[in-house]
Amino acid sequence: MSKRSYPKSWGKWFEKYCDMYLPERKEEICEKADHNYTELLKQMPEDTGGKANGMNKNFDTWFTIVAFYEASDHVIDGEAFQIIYNWSIDGIRFLGKLIDGNKSKLIYKLFADYYKNYEKKVREHRAKGEWKNTWDVAINPEHRTEGCSFHLIGCPIAKHAKEHGYEELLPYLCKTDHILTEILHARLIRTQTEILGGTCCDYWYIGDRNPALEQYKDLERI
C-alpha cells in the first residue's frame, strides 16, 4: 500500500478496522479516504495557528474520521470510531496501575498547566491579530476546589461539523475524552458541548471515587 495523506498515527487503526470488518473493501476505502483527507485539508479554517497550535492536532483526528466515514459509505461511523479509539490507547492502559486520580494530583496539574500555557499563547497571538479562529479557553470559571476545570469556547471543529453536515458524527469524537480519563481512575464531568447546542464544552476532571460524582450519577457521557 502506498503512502497515504491521512496521519499514519490514526490511519493504521482505521486500516486495522478495515482488515477485520471490511477486508474486501479495504483497498478501495483507503484509496478514497486518502483522497478525502487531502480535500478536507482544504477546509481547514484559516487563522487557527497551524502547526504552532498544538490544539490543531484535533483536526488530524477529525479529518481522518470524516475521510473514512465518507470513503466507507458511512459504514465506518461513530460507533466504529469508538472501537478504533480503544485500540489506539491499549498501549497505555498500564498507566492505570501507576496513576490513580483519587490519590495523585499529577493528571490535574498536567491538564491545568497545558491549558494555562495554551491560554497564554492565544492571548499573545490574538494581541498580534492572529489565531482568530482557534479555541478560547477559560480556566476554572466555576472556581472548583478539586481536580481540574476549564471551558473550551468557540470550537472550530464543531463549526466545521455543522457547516458540512456531520453534527451526528462529531459527538463520538467528543465522547472519547472520557475513556482515557477513566483509565487513570478519574472521571470527566461534562454538562454541555457546542456540537450538542451548548455555549461551550465544559470539563471538570476529578477522581472516580470523589463524592461529588453522586450528584452527576445520571449525567450522560457526552
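## The pocket lining

Most of the story here sits in one place: the residues lining the largest pocket split into 29 nonpolar, five polar and four charged (nonpolar being Ala, Val, Leu, Ile, Met, Phe, Trp, Tyr, Cys and Pro, charged being Asp, Glu, Lys and Arg, and polar the others, Gly among them). Keep in mind that this is a predicted model, where local features need pLDDT of at least 70, side-chain atom pairs count only at pLDDT 80 or more, and totals for chains, interfaces and linings use all residues. Residues are numbered from 1 along each chain as its sequence is written, and side-chain values use heavy atoms, with hydrogens and water left out.

The largest pocket holds about 1,200 Å³ of space. Of its 38 lining residues, N58, Y85, Y115, T176 and D177 come closest to the centre. A pocket here is an open set of points on a 1 Å grid over the protein atoms alone, where a 1.4 Å probe fits, with protein on both sides within 12 Å along at least five of seven lines; lining residues have an atom within 4 Å of a point. The volume is the space filled by probe spheres set on the points, which are joined across faces, edges and corners.

Helix 7 gives the largest share of that lining, seven residues. Helices (H or I, at least four residues) and strands (E, at least two) are DSSP runs, numbered from the N terminus.

## The sheet and its helices

Four strands make an open, antiparallel sheet in the order 1-2-4-3, where pairing takes at least two DSSP bridges between two strands. Strand 1 (136-139) and strand 3 (186-189) are the edges, each pairing on one side only. Strand 3 runs antiparallel to strand 4 over four bridges, with A186 opposite G207.

Helix 7 packs on this sheet too, touching strand 3 and strand 4 (contact meaning heavy atoms within 4.5 Å). Its direction makes about 155° with that of strand 3; axes are lines fitted to C-alpha atoms, for helices over the stretch in contact, and angles run from 0 to 180 degrees between N-to-C directions.
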